[in-house]
There are 2 protein chains.
Amino acid sequence: MADKKMVEQVTSMDEDFAKWYTDVVKKAELMDYSSVKGCMIFLPAGYALWENIQGLLDKRFKATGVENVYMPLFIPESLLQKEKDHVEGFAPEVAWVTEGGGEKLEERICVRPTSETLFCDLYRNLIHSYRDLPRIYNQWCSVVRWEKTTRPFLRSREFLWQEGHTVHETLEDAEERTKQMLNVYADFLKEDLAIPTIKGKKTEKERFAGAVSTYTIEAMMHDGKALQSGTSHNFGDGFAKAYGIEYTGRDNKQHNAFQTSWGVSTRLIGALIMVHGDNDGLVLPPHIAPVQAVIVPIQQQKEGVLDTCRKTAEESLAGIRVKIDDSERSPGFKFAEQEMRGFPLRIEIGPRDIANGECVVVRRDTHEKETVKLDALKSYIPELLERIQGDMYDRAKKHLDSSIYEAVEYEEFKKILDEKPGFVRAMWCGEQECEDIIKADTTATSRCMPFEGSDPISDKCICCGKPAKHLVIWGKAY
Amino acid sequence: MADKKMVEQVTSMDEDFAKWYTDVVKKAELMDYSSVKGCMIFLPAGYALWENIQGLLDKRFKATGVENVYMPLFIPESLLQKEKDHVEGFAPEVAWVTEGGGEKLEERICVRPTSETLFCDLYRNLIHSYRDLPRIYNQWCSVVRWEKTTRPFLRSREFLWQEGHTVHETLEDAEERTKQMLNVYADFLKEDLAIPTIKGKKTEKERFAGAVSTYTIEAMMHDGKALQSGTSHNFGDGFAKAYGIEYTGRDNKQHNAFQTSWGVSTRLIGALIMVHGDNDGLVLPPHIAPVQAVIVPIQQQKEGVLDTCRKTAEESLAGIRVKIDDSERSPGFKFAEQEMRGFPLRIEIGPRDIANGECVVVRRDTHEKETVKLDALKSYIPELLERIQGDMYDRAKKHLDSSIYEAVEYEEFKKILDEKPGFVRAMWCGEQECEDIIKADTTATSRCMPFEGSDPISDKCICCGKPAKHLVIWGKAY
């Protein structure tokens, strides 16, 4: 029924998931490629998603005492180099500014790949006493990492993110904040993005450069691959030692401060697309959708149709993000567009509906269609949007739960990873060598050591057979 | 009465306005200097001002149909060079990235000083027909200009701003949007920042690199100097020609598109400080203040004091941005801090006040103190905040109006600029040579050819005596 012009070029997701993904981001006009190699353009429909993510997440941050700041874009080479592990982790992928104002610079400065070093430099100046602690700062900004292969929203040389950087009196305080922010992320993904995640700890190999421990939330995409969706790091006092962040404690002695950092990025837009999307395009959870309901007038030239649409938008749907599509295009085209853009509801209003005091309401997620009395919309639509939000989470959760396997033998482990999309739970000895072998054999990596369901399922490492130390969730990842 | 610890280091503004300014930005903890030469750190109190500016302005933008996007941080040298005037204007002050991912780049890329070139590149791809027009895009981001001398918020190598970039069918449409956005800025400064401005057109010398006309809003700081507070540019079809932005018109023929750009930056924070501040620190207009009222408990250890403060905040002041300062410091210290940070109102509540069902309300702008019944706060405070907002604008307007002079003879013109802080209205022949002479003689520059009050006051140029073409407002500027 829907005019397929807008969607005819979308590859089926079952045929070629990667191509489906790039088709959808282009056809839904979320992004465009730029003349700047490896960098992408966020078009209005894509940037609006980021604005909504920012708005909802920022509110959650501030409720926990976070204050926003803005640090310089540049980091002098000497400052970057103070923490050994950190510089080793990032130096290979930074971009260097070597000329400015028509002159060669005395010292190279890099475009920030992340801002730990700048925050350390600030904290060293701000913090003198335990009374100056804690500091719970965050910034929303863009960062640059010189990636070789790039993909819209998932990997690009510049991306948008937030990075929280905190400093505390004790290791325990730092650990508490690290976990608190991981929970903020997990709750946000669950409640607003309708994306279930697995919370856990990263192995040493996958840990952030310079961290004592890195916690992660791992989401599963429609194709069974993992997307690391948010990380939270406890730095202990490693950075404080390297950068000299000391304070006079309650005991009147000098101590190193303890730090954390945590971030999510525009990768979350990639997650939204790959968790909820279908062969008609995007499917957006109502909480995050820039438009929650599109009203499509039928036979809009007929008297009273547009008036009723407007009245419905203003009166019955006040408080809902609603758009009336009164453009000159055919209803079929408008239907296809609503589907491609993933707006949760379509409301069709034509002369016959008006005569009956009704309208047709179509859900984007299930394509379900129902007739609703116009005077019932006011209470029905907000309730329906919440139901859609919940249903989308439930479907994603069911997909995640039904795509996690267990293995105790290596052959079985490899077979599952080869044949079935999803994650595998298996025991691990704790040695990086086994992670490397598994990656070489299967392309899967250790996603995390989960907080929940971590009871041993065998006493041997899935790879080398030596005594197992941890249960690990393995998966192929974006 | 107030504990002066926090303010004792503030230089008097009448003694040394520049030093007063840097004292205030530091003592009010708006910013900090960084290890990155010429770049500043926005601390929470400073960044909160920018967040409020963004929030209020973005709403005004969207009401006129603006859509937000995000463009890459980098511009390849070849793309920057396509529009001759533009590259000449910006090339001397850009920062160049020459190495990335461990390799020397084949082509230098600059960190954006402004993004006209990137938007042109995008629009060339997006626009084919008149049906694709107009596009009204904006982005909030940071830009880099390699300044030699810097000053907090006013001039730094990196600053935060928004840049709107639009594309239209006709020159008239572009002109209308250029003026519309100038009015959005002027209204925002007037209604939310309580800052009066003079709207006008820039002379060719002061025009944006590549523009056909540049409009400006000029504000006057407390010391009589001008701060260019927002600009809006009509590009005609110059960029479209250079970048090949063509569309098929209603006449079925190919046409060049017409463009505009417009921006305001974190300079506005500098304007807020220098228009409203006094010798006790910042004075913030209520609409933009992160905290609108601070409740200071008196004898807070006494039973019922903190409870009454909390109840007042939650019930009587719901809807107001309120903070209870229940820290361990003395009331005097808290008073001085409220003054330094510029929060519009202080509400003192102690045991005696509670017994009388009262509190003491102190205005930051006038230091006026009054006793108000606790049960009257709910209706009184919102009204008082609006009154303060209006009074602050009125005072700034009076200062502006009373600091504009007129001159018809050059000696008189120079004398005024030498002796009196403020602007001078004088006639001009239209030749850049006279602007250069005036600048050399007085350090003043042409601020704008005002839209209002532009009737000739003489028929001779103030400088060369040749026939006058325009009335110009001259002033020394930041």
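Across which strands of chain B does helix α10 (residues 331-341) lie? Helix α10 of chain B lies across β15 and β17 of chain B and runs at about 175 degrees to β15(B). The structure is a predicted model, in which local features need pLDDT of at least 70 and side-chain atom pairs count only at pLDDT 80 or more, while totals for chains, interfaces and linings use all residues. Residues are numbered from 1 along each chain as its sequence is written, and chains are lettered from A and ligands numbered from 1 in the order in which they are written.

Helices (H or I, at least four residues) and strands (E, at least two) are DSSP runs numbered from the N terminus. Two strands pair if DSSP finds at least two bridges between them. Axes are lines fitted to C-alpha atoms, for helices over the stretch in contact, and angles run from 0 to 180 degrees between N-to-C directions.

**Relation of the two chains**

**The five-stranded open sheet**

- In chain A, five strands form an open sheet of mixed pairing in the order β16-β15-β17-β18-β19.
- Its edge strands are β16 (322-324) and β19 (369-373) of chain A, each of which pairs on one side only.
- From one strand to the next, the twist averages 25 degrees.
- Strand β15 (residues 293-297) of chain A pairs with β16(A) in the parallel sense over three bridges, and I324(A) in β16(A) is the bridge partner of I295(A).
- Helix α9 (residues 305-316) of chain A packs on this sheet and touches β15, β16 and β17 (345-349) of chain A, where contact requires C-beta atoms, placed from the backbone, to lie within 7 Å.
- The direction of α9 makes about 165 degrees with that of β15(A).
- In chain B, an open sheet of five strands has the order β16-β15-β17-β18-β19, again with mixed pairing.
- Strands β15 (residues 293-297) and β17 (residues 345-349) of chain B pair in the parallel sense over five bridges; in β17(B), I349(B) is the bridge partner of P297(B).

- Strand β11 (residues 226-236) of chain A is largely enclosed by the rest of the structure, because ten of its eleven residues are buried (buried: 20 or more other C-beta atoms within 10 Å of the residue's own; exposed: 12 or fewer; partly exposed: in between; C-beta atoms are placed from the backbone).
- Strand β10 (residues 213-220) of chain A pairs with β11(A) in the antiparallel sense over eight bridges, with M220(A) opposite A226(A).
- These two strands, β10(A) and β11(A), form a hairpin with five residues between them, and G224(A) in the turn has a positive phi of about 85 degrees.
- Five bridges also join β11(A) to strand β14 (residues 258-265) of chain A, the two running antiparallel; Q259(A) is the bridge partner of G236(A).
- In chain B, seven of the eight residues of strand β10 (residues 213-220) are buried.
- Strand β9 (residues 198-201) of chain B pairs with β10(B) in the antiparallel sense over four bridges, and G200(B) stands opposite T216(B).

**Helices**

- The 25 residues of helix α12 (residues 377-401) of chain A should span 36 Å at 1.5 Å a residue, and its end C-alpha atoms are 35 Å apart, which agrees (expected span: 1.5 Å times one less than the number of residues).
- The buried residues of α12(A) include L377(A), I381(A), L384(A), L385(A) and I388(A).
- Helices α2 (residues 44-63) and α8 (residues 267-276) of chain B pack at an angle of about 110 degrees, with their axes 10 Å apart.
- Helices α2(B) and α8(B) are therefore roughly perpendicular to each other (65 to 115 degrees; under 35 is roughly parallel, over 145 roughly antiparallel and the rest oblique).
- Their contact is made by G46(B), L49(B), W50(B) and I53(B) of α2(B) and L268(B), I269(B) and L272(B) of α8(B).

Technical notes
Two residues are in contact if their C-beta atoms, placed from the backbone, lie within 7 Å.
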